[in-house]
Amino acid sequence: MELLGQNKVDHHQRKVTIVSQDSFYRVLTPEQKAKALKGQYNFDHPDAFDTELMCQTLKDIIEAKVVEIPTYDFITHSRLQEKICVYPADVVLFEGILVFYTQEVRDMFHMKLFVDTDSDVRLSRRVLRDMRRGRDLEQILTQYTTFVKPAFEEFCLPTKKYADVIIPRGVDNMVAINLIVQHIQDILSGDICKWQRGTANGHLPERILKRGVDETSNNPDGGGGSNPTKRPLLEPSTRPH
């Protein structure tokens, strides 16, 4: 959000907003909550999420409705009374470990990104995060080996095949991140719509044509440059990405 210049913009006026799948964890029964407090509940299984509520919320976002997102407390493992209002935006980023698992959800996205991070990095981040939540190291490691790692291999990793773009090395891959940021900025500025209208009419928009010429002009043989006709197409929309 900071790279897009949206972090200090009022929620009512943001052109880009982020929604997390973590907000849609199910309300636990007393028995499930007791297990969760002991690190014995599997939060990485698809059944841990309220998929029905998640789907309906995303559909409302697509229809440019103001929606209320649940707030989940990861310390008490409960859904709070407070909700977060999300207002219509040009680009909605929906993130989570299993956002590609359910086809109904997956089919709503214009673009699907899979952030591929080394397993040691994932574990170290989880340890630091869960210790900040007041959990002891033994419980964290037991939960990781019992639930997290097996669930990743069974449910998360196989969805990698649905991704349009795979980002290796996660947040350390600034080249990939900057490309995604530029793509979103092009959506917000209307360049992609201009591109679609221009190609439909048989000509290229001036800015995009100029960019293509500039990038290939240093190569006298005409090879190795950027081909603007292969630029990915994506319309501005409130449809989640």
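**Cavities, strands and salt bridges**

Visitor: How many cavities of 30 Å³ or more does the count come to?
Guide: This is a predicted model, in which local features need pLDDT of at least 70 and side-chain atom pairs count only at pLDDT 80 or more, while totals for chains, interfaces and linings use all residues. Residues are numbered from 1 along each chain as its sequence is written, and side-chain values use heavy atoms, with hydrogens and water left out. A cavity is a set of points, on a 1 Å grid over the protein atoms alone, where a 1.4 Å probe fits but cannot get out, and lining residues have an atom within 4 Å of a point. With a threshold of 30 Å³ or more, the count comes to two cavities.

Visitor: Which classes of residue make up the lining of the largest cavity?
Guide: About 70 Å³ of space lies in this largest cavity, where a volume is the space filled by probe spheres set on grid points that are joined across faces, edges and corners. Its lining includes F49, M54, L98 and Y101. Counting Ala, Val, Leu, Ile, Met, Phe, Trp, Tyr, Cys and Pro as nonpolar, Asp, Glu, Lys and Arg as charged, and the others, Gly among them, as polar, the lining divides into seven nonpolar, three polar and no charged residues.

Visitor: Which residue of β4 is the bridge partner of S20?
Guide: Strands are DSSP runs of E with at least two residues, numbered from the N terminus, and two of them pair if DSSP finds at least two bridges between them. Strand β1 (residues 16–20) pairs with β4 (residues 91–95) in the parallel sense over five bridges. In β4, the partner of S20 is E95.

Visitor: Is D60, which forms a salt bridge with K65, buried or exposed?
Guide: A salt bridge is a side-chain nitrogen of Lys or Arg within 4 Å of a carboxyl oxygen of Asp or Glu, and the closest N and O atoms of K65 and D60 are 3.7 Å apart. Buried means under 20% relative accessible area, exposed over 50%, and partly exposed in between, for a 1.4 Å probe and protein chains only. K65 is partly exposed at 40%, whereas D60, at 19%, counts as buried.

Visitor: How far apart are the closest N and O atoms of K160 and D116?
Guide: K160 counts as partly exposed at 25% relative accessibility, and D116 is also partly exposed, at 23%. In their salt bridge, the closest N and O atoms are apart by 2.7 Å.

Terms used:
1 Å grid on protein atoms, 1.4 Å probe; cavity = no way out; pocket = protein on both sides within 12 Å on 5 of 7 lines; lining within 4 Å. Helix = DSSP H or I, 4+ residues; strand = E, 2+ residues; numbered from the N terminus.
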